[in-house]
Amino acid sequence: MAASTYNALPLIAAVVVAVFVIVWLLIKTGIALFHHPIIGILLIVFGILGLWNYMIIGIGIIVGGIVFLVLSAFFHS
């Protein structure tokens with residue numbers, strides 16, 4: 001039986017890092033909104049906060065993708 005050469009560690013690490021970055025940025029956003037409620041209300045009224053949430057998810061995906069590429073290159077070399 002042939003041994004599998006696929007290693008799931010880069011994918012698992014990338015997902016964990018992406019989730020961690022997204023949660024961390026959402027927590028930081030929540031803290032900032034509690035410290036400056038007037039700015040938070042203005043961001044919600046003008047719809048900018050929703051765009052910020054999409055940007056947070058995008059940042060998490062980009063960071064997770066970079067982690068995946070780096071770990072994949074490390075394990076395949």
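Helix α1 has 27 residues, which at 1.5 Å a residue should span 39 Å; its end C-alpha atoms lie 39 Å apart, in agreement with that expectation. The model is predicted. In it, α1 comprises residues 9–35 and approaches helix α3, residues 48–76, and α1 also packs with α2.

**Helix α1 and its buried residues**
- The buried residues of α1 are Pro10, Ala14, Ala18, Val21, Ile22, Leu25 and Thr29.
- Helix α3 is included in what covers these buried residues of α1.

**Packing of α1 with α3**
- The axes of α1 and α3 come within 8 Å and cross at roughly 150 degrees.
- Angles over 145 degrees count as roughly antiparallel, and α1 and α3 are therefore roughly antiparallel to each other.
- The crossing of α1 and α3 is right-handed.
- By class, the contact of α1 with α3 has 22 nonpolar residues, five polar residues and no charged residues.

**Packing of α1 with α2**
- The axes of α1 and α2 are 5 Å apart, and the two helices pack at an angle of about 115 degrees.
- On the α1 side, the contact is made by Leu33, Phe34 and His35, and on the α2 side by Pro37, Gly40 and Leu43.
- The residues of the contact of α1 with α2 comprise four nonpolar, two polar and no charged.

**Helix α2 and the residue that follows**
- Helix α2, residues 37–46, is hardly covered: the count of buried residues among its 10 residues is one.
- Gly47 follows α2 and has a positive phi, near 80 degrees.

Conventions:
Residues numbered from 1 in each chain as written. Predicted model: local features only at pLDDT ≥ 70, side-chain atom pairs only at ≥ 80, totals over all residues. Heavy atoms only, no water. Axes fitted to C-alpha atoms, helices over the stretch in contact; angles between N-to-C directions. Helix = DSSP H or I, 4+ residues; strand = E, 2+ residues; numbered from the N terminus. Parallel < 35°, antiparallel > 145°, perpendicular 65-115°, else oblique. Left-handed = near helix turned anticlockwise from the far one by under 90°. Nonpolar A, V, L, I, M, F, W, Y, C, P; charged D, E, K, R; others polar. Expected span 1.5 Å × (residues − 1). Buried < 20%, exposed > 50% of the residue type's maximum accessible area, 1.4 Å probe, protein only. Contact = heavy atoms within 4.5 Å.
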